[in-house]
Amino acid sequence: MKKALFVICCSLFFINSNVYSQIWVEVFGVQSFPSKDIFGSGVITVTQEAVVTNLNATEIKESELFKTLADPSFGIGFNCRYAKSKTVLGIELSYVKYKKATNLLDIQTFRIGPFVEYYFRTDKKLLPYVGGEFSLQQSRVSFNRNIVDQIRISDTNVGVGPRLGLVYNFNNKWSTRLGTKYVFTKDLPYYDVMIGVAFNLGDF
């Protein structure tokens with residue numbers, strides 16, 4: 001993976017060397033749509049002994065657990081990207097907290113990873129793009145505010161997937177982006193829709 005990133009970086013610096021480069025930073029909001037019922041696949045098994053409220057065992061129905069991940073959930077994110085000609089290389093960090101179907105269940109995910117994007121044109125204000133990403137996802141699951149260990153969703157998962165969207169340049173410093181992506185992970189694949197605002201740190 002490190003060798004691949006090194007090759008990509010070198011390519012961006014030496015291909016089309018007559019075209020200026022830019023560094024952009026972006027803050028975005030994200031709406032996440034999990035695409036798999038992990039509770040129906042044995043990833044998480046909840047027993048009465050797993051959740052205790054006031055010393056009484058509490059049942060959590062599987063339908064309630066599924067609803068927590070089936071509903072769209074909101075999060076925030078940040079990325080930094082290096083743009084040269086029509087190619088962009090960047091790294092992205094995001095955080096999503098899933099809606100609660102029950103007050104006893106709490107799920108949060110942290111995601112970080114590199115991405116590559118290709119812009120079909122650079123001479124207009126509205127710029128369509130396609131790309132792909134590689135990400136690491138760390139989930140944190142808790143029942144009744146106690147972190148649950150030894151379940152696979154709490155492990156770090158590797159994800160890969162495509163991304164596409166539109167960027168609108170207000171001027172040479174500010175832009176806004178509407179993007180979407182699908183990331184496949186072993187236990188929790190998801191779709192994201194992102195709306196962000198980016199600032200150009202400078203040309204060089």
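Predicted model: local features only at pLDDT ≥ 70, side-chain atom pairs only at ≥ 80, totals over all residues.
Student: What makes up the chain, in helices and strands?
Tutor: The chain has 2 helices and 11 strands. Read along the sequence, they run α-β-β-β-α-β-β-β-β-β-β-β-β. Of its 204 residues, 40% count as buried.

Student: How do you know how confident the predictor is in this chain?
Tutor: By pLDDT, the predictor's confidence in each residue, from 0 to 100. The mean for the chain is 76, and 63% of the residues reach 70 or more.

Student: Which stretches have pLDDT under 50?
Tutor: Residues 12-19 are one of them, with 13 contacts beyond four places in sequence in the model. Residues 39-58 are also below 50, and that stretch has 38 contacts beyond near neighbours in sequence.

Student: Why is Trp174 called partly exposed?
Tutor: Buried means under 20% relative accessible area and exposed means over 50%, with partly exposed in between. Trp174 has 42% relative accessibility, so Trp174 counts as partly exposed. You'll find Trp174 in strand E10, which covers residues 174-183.

Student: What makes a set of residues a nonpolar core, and which residues form the largest one here?
Tutor: The residues have to be buried, of a listed nonpolar kind, and joined through side-chain atoms within 4.5 Å. The largest such core has 9 residues: Trp24, Ala83, Val88, Phe115, Tyr119, Leu127, Tyr129, Val167 and Ala198. Strand E6 (105-119) and strand E7 (126-143) are the elements that give two or more residues to this core. There's also a second, separate core of 8 residues, including Val30, Val96, Tyr98 and Val141.

Student: What does Val88 touch?
Tutor: Leaving out residues up to four places away in sequence, Val88 touches Arg81, Tyr82, Ala83, Phe115, Val116, Glu117 and Tyr119. Ala83, Phe115 and Tyr119 are also listed with Val88 in the largest core.

Student: Why is Ile91 called partly exposed?
Tutor: Ile91 has 44% relative accessibility, which lies between the 20% and 50% cut-offs, so Ile91 is partly exposed. Ile91 sits in strand E5. Beyond four places in sequence, Ile91 is in contact with Phe78, Asn79, Cys80, Ile112, Gly113, Pro114 and Phe115. The C-alpha atoms of Ile91 and Ile112 are 7.3 Å apart, though the two are 21 residues apart along the chain.

Student: How do you know that Glu92 and Arg163 form a salt bridge?
Tutor: The cut-off is 4 Å between a side-chain nitrogen of Lys or Arg and a carboxyl oxygen of Asp or Glu. The Glu92 and Arg163 side chains meet at 3.2 Å, N to O, so they pass. Glu92 is in strand E5 and Arg163 in strand E9 (residues 156-169), so the bridge ties together parts 71 residues apart in sequence. Both residues are buried.

Student: Why is the pair of Arg177 and Glu92 called a salt bridge?
Tutor: Their closest N and O atoms are 3.9 Å apart, and the limit is 4 Å, so the pair counts. Arg177 lies in strand E10 and Glu92 in strand E5, so this pair links parts 85 residues apart in sequence.

Student: What makes Lys181 and Glu133 part of a network?
Tutor: Start with their own bridge: the side chains meet at 3.1 Å, N to O. Both are buried. Salt bridges that share partners then join Glu26, Arg81, Glu92, Glu117, Glu133, Arg163, Arg177 and Lys181 into one network. The chain's count comes to 9 salt bridges.

Student: What makes the phi of Ser85 worth a look?
Tutor: Its phi is near 55°, a positive value in a residue other than glycine. Most residues other than glycine have a negative phi. Ser85 is in the loop between strand E4 (73-84) and strand E5 (87-97). At 29% relative accessibility, Ser85 falls between 20% and 50%, so Ser85 is partly exposed.

Conventions:
Residues numbered from 1 in each chain as written. Heavy atoms only, no water. Helix = DSSP H or I, 4+ residues; strand = E, 2+ residues; numbered from the N terminus. Buried < 20%, exposed > 50% of the residue type's maximum accessible area, 1.4 Å probe, protein only. Contact = heavy atoms within 4.5 Å.
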